[in-house]
Every structure is written in C-alpha cells, then in structure tokens.
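The sequence and the structure come next.

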Amino acid sequence: MAGQRREVAMARYRFGEASLTVWQKLWHINWLFVLVLCATAGVGFGMLYSAASGSLDPWASRQMVRFALGFMIMLVIALIDVRIWLRYAYAIYGIGMVLLVAVEISGTIGMGAQRWIDLGVVTVQPSEVMKIALVLALARYFHGASLDDIRNPVYLLVPLFLVAMPAALVLRQPDLGTALMLVLGSAAIFFAAGVGIWKFAVLIVLGLGALPVGWQFLREYQKQRVLTFLNPENDPLGSGYHIIQSKIALGSGGVFGKGFMQGTQSHLSFLPEMQTDFIFTMLAEEMGMAGALGLIGLYTVILAYGIYFSVRCRNQFGRLIAIGVTMTFFLYVFINIAMVTGLIPVVGVPLPLISYGGTAMLTLMIGFGLLLGVHVHSDVMIGRRASGSDMA
C-alpha cells in the first residue's frame with residue numbers, strides 16, 4: 001500500500017501536480033556520487049598539506065573550509081526543483097554578463113590580468129560564474145527547440161551570440177583557458193541538442209583559417225607560451241622553466257612515487273605553483289604513476305555519474321544541464337593534466353577539487369549541485385514550449 005502511494009505521488013510530481021518533500025529529495029540524492037566527491041577533495045587536502053611541508057596552513061585549512069561551505073551549497077542546490085532553474089536561467093546569465101562587464105570597467109588586477117571583482121568580504125572571478133550561467137542559458141534555449149529548429153542555421157545565431165559575448169569579454173581579461181572552456185563546454189551542449197556534425201566541421205575549418213589573424217591579437221606572453229610549448233628547451237631558465245621542471249618531477253616519481261612529502265622537485269622549490277596549476281605534478285612525483293592513475297580513476301567515476309544522470313533524466317533541460325556541467329568538469333581535468341604534461345601550452349586552469357582556489361571550488365560545487373538536482377528531479381516532465389507561468 002505504501003509503495004502504491006509512493007508511485008502515485010511520483011506520478012503526480014512528474015506532471016507538476018505535486019511537489020516532493022525535502023526528505024524525499026534527500027532520499028533521492030545519489031550519496032555514492034557525493035562520497036566520490038569527498039574522496040577526491042580529500043586527496044586535494046592531502047596534497048595541499050604536503051605542499052606546505054606538513055602544515056594545514058596556509059592552504060589545506062582554507063580549502064577544507066571552502067569545501068565545507070561548497071558542500072552545503074551543493075546540497076541546497078540539489079534540492080531546488082529543476083523547473084526553477086529553467087525559469088531563471090536567462091536572468092542568471094544576465095547577472096553573469098553584468099559581472100563580466102564590471103570586471104572590464106573596474107576589475108581587480110592580479111598577476112598581469114584583470115579578472116576579479118573585490119566585493120569587500122570576498123574576491124570573485126566572474127568568468128568562473130559564467131561557466132555555470134552559460135550552461136543554464138543554453139540548456140533553456142535548446143530545451144524548447146525542435147529538430148526542425150536546430151537544423152535551421154538562423155536558429156543557432158542566438159545561442160552562438162550567447163557564447164560569443166562572454167567568451168570575448170573573458171579573452172580581453174585576458175584568460176585564454178577559461179574562454180576556451182566556455183566555447184568547448186558550449187559545443188557539447190550544441191551537439192547534445194542535435195546540431196549536425198557538418199556545422200561543427202564548418203566552424204573548425206573557419207577557426208583554423210582564422211589562426212593567422214588571431215595570432216596577431218595575442219598578447220606577447222601568450223605568443224611566448226605557444227612558442228615555449230613547441231620548444232620548451234629553447235629557454236630552459238625562462239619561459240620554458242615551468243614545463244621542464246614539471247616533466248622532470250613527473251618522470252622522477254616512477255611507478256609508486258618518492259613518498260608523501262618526499263618530492264624533491266616540489267619541496268626544494270624547483271616546481272612552481274605546486275599548490276595550484278602544477279599540483280598534479282607534485283602528486284605524481286610523490287605518489288607515482290599509481291597515485292596519478294588513482295586520481296584519474298576518481299575523475300572517471302565522477303564523469304561517468306554525470307553521463308548517467310544525463311541519460312536517466314526525462315526532460316531535455318535537465319539532460320542538457322548534466323551534459324554541460326559534465327563537459328565543463330572534463331575540460332578542467334583534461335586541460336590541467338595536458339598542460340602540466342606538456343601536451344598543450346600552459347593556460348592556467350586549476351585541477352578540480354585538488355588545486356587551491358576559492359571561486360573555482362565554488363563553481364564546481366554549484367555544478368555538482370546541479371548534477372545532483374537533475375538526478376533528484378529526473379522524473380519531472382517539462383513541455384518543450386513551457387512558459388514562465390508553467391514553471392514551478
């Protein structure tokens with residue numbers, strides 16, 4: 001009898017006739033996914049502890065506080081009805097754009113770039129916020145699209161504009177890595193929505209053709225990064241120093257590493273930015289290939305859960321959110337590891353849940369909250385032409 005009542009309640013909820021209670025939503029949260037996130041963050045705490053030579057200060061303790069705060073935010077977001085995000089997706093995107101424009105006008109300059117806004121209590125990097133806002137806006141737009149709409153190139157002008165505006169502003173900061181993540185993460189949503197492969201092929205060809213022109217607009221240090229990537233030994237004590245030291249540390253770790261807090265490249269200050277961009281290198285030096293593969297294994301489980309949540313979701317909006325967030329997470333992982341191993345130029349993308357950082361951690365936890373929310377509300381039916389008045 002109780003089972004029948006539960007099925008009736010779920011059926012009414014799917015069609016918007018009722019709402020799940022907080023306890024019902026908590027019950028539907030995938031706690032194994034949450035456990036994997038906590039395990040991955042735990043690896044990060046350990047690496048930051050090692051980076052500080054066996055001290056919680058200044059990085060590990062602050063990272064723990066940020067993760068705890070992000071964890072609570074993640075759970076709150078997971079409980080919010082997915083139809084709420086559908087209703088306010090464009091408004092959130094608008095707020096993100098306002099913050100990016102504010103950076104352009106009066107942003108805080110750090111390390112040669114103007115990427116932050118000082119709010120007094122905290123310093124925020126709006127380009128990180130835009131990674132989530134753009135996913136919501138594109139998911140909202142394509143949710144209401146039919147296959148005939150998507151086949152029409154004119155229909156794609158609006159979402160292309162939604163992507164181009166923040167990407168252009170982020171490039172001006174300059175932040176090539178984040179701009180690349182915005183474009184590639186959006187491309188995954190376009191593909192999942194049904195945009196034909198030939199349209200991507202056309203854009204890729206046009207992009208390759210524009211490379212000589214784009215090279216002229218790169219800043220001098222960005223050009224130097226590309227040249228260093230092609231031949232890091234050309235300036236081993238200058239622009240090529242970071243990647244050369246990273247490769248030495250990676251190779252010296254061997255299969256099982258030198259031991260926790262025993263890395264010579266990192267603890268003798270040869271390895272730069274070991275608490276942020278090059279923390280994967282420090283992990284590989286201390287824990288070896290086994291430790292590096294273990295972390296990649298945790299990341300693979302997180303990615304698999306993101307795909308599973310997308311496939312299981314019954315509404316297009318939730319599916320596209322899950323795809324967008326999962327792709328964004330993948331880009332964090334891929335770009336950082338490819339960067340420190342010398343497969344791509346150094347672009348300054350943190351390793352998710354491992355690298356020290358505030359805004360990036362918050363962005364990730366919000367994204368994971370959306371993933372969990374998509375799973376919790378996966379049975380919700382939302383009409384393609386739902387208007388604001390039809391949403392929760």
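The axes of helix α15 (residues 279-312) and helix α17 (residues 359-376) come within 9 Å and cross at roughly 40°. Because angles under 35 degrees count as roughly parallel, over 145 as roughly antiparallel, 65 to 115 as roughly perpendicular and the rest as oblique, α15 is oblique to α17. The crossing of α15 with α17 is left-handed. In contact (heavy atoms within 4.5 Å) are Ile302, Gly306, Tyr308, Phe309 and Arg312 of α15 with Phe368, Leu371, Val374 and His375 of α17. These residues divide into six nonpolar, two polar and one charged.

This is a predicted model, in which local features need pLDDT of at least 70 and side-chain atom pairs count only at pLDDT 80 or more, while totals for chains, interfaces and linings use all residues. Residues are numbered from 1 along each chain as its sequence is written, and side-chain values use heavy atoms, without hydrogens and water.

| Helix pair | Axes within | Crossing angle |
|---|---|---|
| α15 and α17 | 9 Å | roughly 40° |
| α5 (residues 82-106) and α6 (residues 126-143) | 8 Å | roughly 145° |

α5 also passes α6 in a left-handed crossing. Among the residues making this contact are Trp85, Tyr93 and Leu100 of α5 and Met130, Leu134 and Arg140 of α6. By class, the contact of α5 with α6 has 17 nonpolar, three polar and two charged residues.

Helix α13 (residues 241-252) has 12 residues. Its buried residues (under 20% relative accessible area, 1.4 Å probe, protein chains only) are Ile243, Ile244, Gln245, Ser246 and Ala249. Their cover includes α14 (264-267), α15 and α16 (316-340). After α13 comes Gly254, with a positive phi near 65°.

How values were computed: Axes are lines fitted to C-alpha atoms, for helices over the stretch in contact, and angles run from 0 to 180 degrees between N-to-C directions. Helices (H or I, at least four residues) and strands (E, at least two) are DSSP runs, numbered from the N terminus. A crossing is left-handed if the near helix is turned anticlockwise from the far one by less than a right angle, and right-handed if clockwise. Ala, Val, Leu, Ile, Met, Phe, Trp, Tyr, Cys and Pro count as nonpolar, Asp, Glu, Lys and Arg as charged, and the others, Gly among them, as polar. The expected span of a helix is 1.5 Å times one less than its number of residues. Buried means under 20% relative accessible area, exposed over 50%, partly exposed in between (1.4 Å probe, protein chains only).
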